[in-house]
Structure formats: C-alpha cells, structure tokens
Amino acid sequence: MSIRIFTDGAAQPNTGHKGLGVVVEWQGKTPLVLSKYAGVGTNNEAEYEAFIESLQIIKDENIKDCTIHSDSNLMVNQVNGKWQCKDLKLKSLLFKASKRLDWLKNNGHKIEVIYIPRELNLADEPAKQGAMKGKNLAK
C-alpha cells in the first residue's frame, strides 16, 4: 500500500512568518506530523520548503512508494515540469527540490506529486501552527 504524504506551507501575513507542515499517512494512521517555524518569507517559499522537508523524510525513513499531496497548484505544476518558474528565490528552491526528487527516483523511490484542494490537505493546520510559533516569538 502506498504511503500518502501531505505537505503545506503558510506565511502569516504573506510575506510574514513561515510555517511548514508535513503529515505522513499510512493505513489510515498518521505516524509522523511535522509543524515547524521557518523564518520570514512568502507563502510560495514556505510551500517549497515544506515539500523539501517531505523529500528529506522520504529519504530518512526510506519510504519507497508514496504520493505527495499539496494544495499549492504553483509548486506542484512547477515540480512536475508543467509550468515555468520565473521568480529567482523560487527558482533556487525548485532546483533544490528537483535535485532531491530526481535523486530519490534514481535510487528506487516511486514518488508522485499531486495537487489537492486545501480542505483535503492534512498538513494545512500544522503549517499554520508553525507560522504561529514565529508570530509568538516576535511578541
């Protein structure tokens, strides 16, 4: 059975405190939930950084077959090579993500990256919580 990984980034406000969320779901359980503060930046940067975190989890946990679910249409389409990336900061994040994704695929990992609506993204709340950690630090 394939493992589902949900990834999301948040910035509150946009540009603001970034939060990253990653949730691993396997057989209806969520054995891993990541909620992390990631400094200040844009929502799109946070989306990419959360995706990169998910790729690191795949490597660390040696997950061989998974689907990564994201509600960032921009990031999913850029990672899948359907849309161009023109923003310089996002280009560097796309390059980093693509290198890691290619390495994983070349080393026996079967990974699909798909778009889902926000209301189906299990990582939405952990990402928001990560961004709130930064807001609380700033007080």
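**View 1. Valine 113 is a buried residue of a predicted model.** Its relative accessible area is 7%. Buried means under 20% relative accessible area, exposed means over 50%, and partly exposed covers the range in between (1.4 Å probe, protein chains only). Valine 113 sits in strand S5, residues 110-115. Strands (E, at least two residues) and helices (H or I, at least four) are DSSP runs, numbered from the N terminus. Leaving aside neighbours within four places in sequence, valine 113 contacts Phe51, Ile68, Val76, Val79, Asn80 and Leu101. Contact means heavy atoms within 4.5 Å. Lysine 133 is 20 residues from valine 113 in sequence and 28 Å away in space, C-alpha to C-alpha.

Numbering starts at 1 along each chain as its sequence is written, and side-chain values use heavy atoms, without hydrogens or water. In this predicted model, local features need pLDDT of at least 70 and side-chain atom pairs count only at pLDDT 80 or more, while totals for chains, interfaces and linings use all residues.

**View 2. Helix H1 packs against helix H3.** H1 spans residues 43-60 and H3 spans residues 88-106. Their axes lie 10 Å apart, at an angle of about 15°. H1 is therefore roughly parallel to H3. Axes are lines fitted to C-alpha atoms, for helices over the stretch in contact; angles run from 0 to 180 degrees between N-to-C directions. Under 35 degrees counts as roughly parallel, over 145 as roughly antiparallel, 65 to 115 as roughly perpendicular, and the rest as oblique. From H1, the contact residues include Tyr48, Phe51, Ile52 and Leu55. From H3, they include Leu90, Leu93, Leu94 and Trp103.

**View 3. Glutamate 25 makes a polar contact with arginine 4.** The two side chains approach to 2.6 Å. A polar contact is a pair of N or O atoms within 3.5 Å; within protein, one must be able to donate a hydrogen and the other to accept it, and residues adjacent in sequence count only if both atoms are side-chain atoms. Glutamate 25 lies in strand S2, residues 16-26. At 16% relative accessibility, glutamate 25 is buried. Beyond four places in sequence, glutamate 25 touches Ile3, Arg4, Phe6, Thr30 and Leu122.

**View 4. Histidine 109 reaches the backbone of isoleucine 63.** The histidine 109 side chain comes to 2.7 Å from the backbone oxygen of isoleucine 63. Histidine 109 belongs to the loop between H3 and S5. With 7% relative accessibility, histidine 109 is buried. Not counting residues up to four places away in sequence, histidine 109 touches Ile58, Asn62, Ile63, Lys64 and Leu104.
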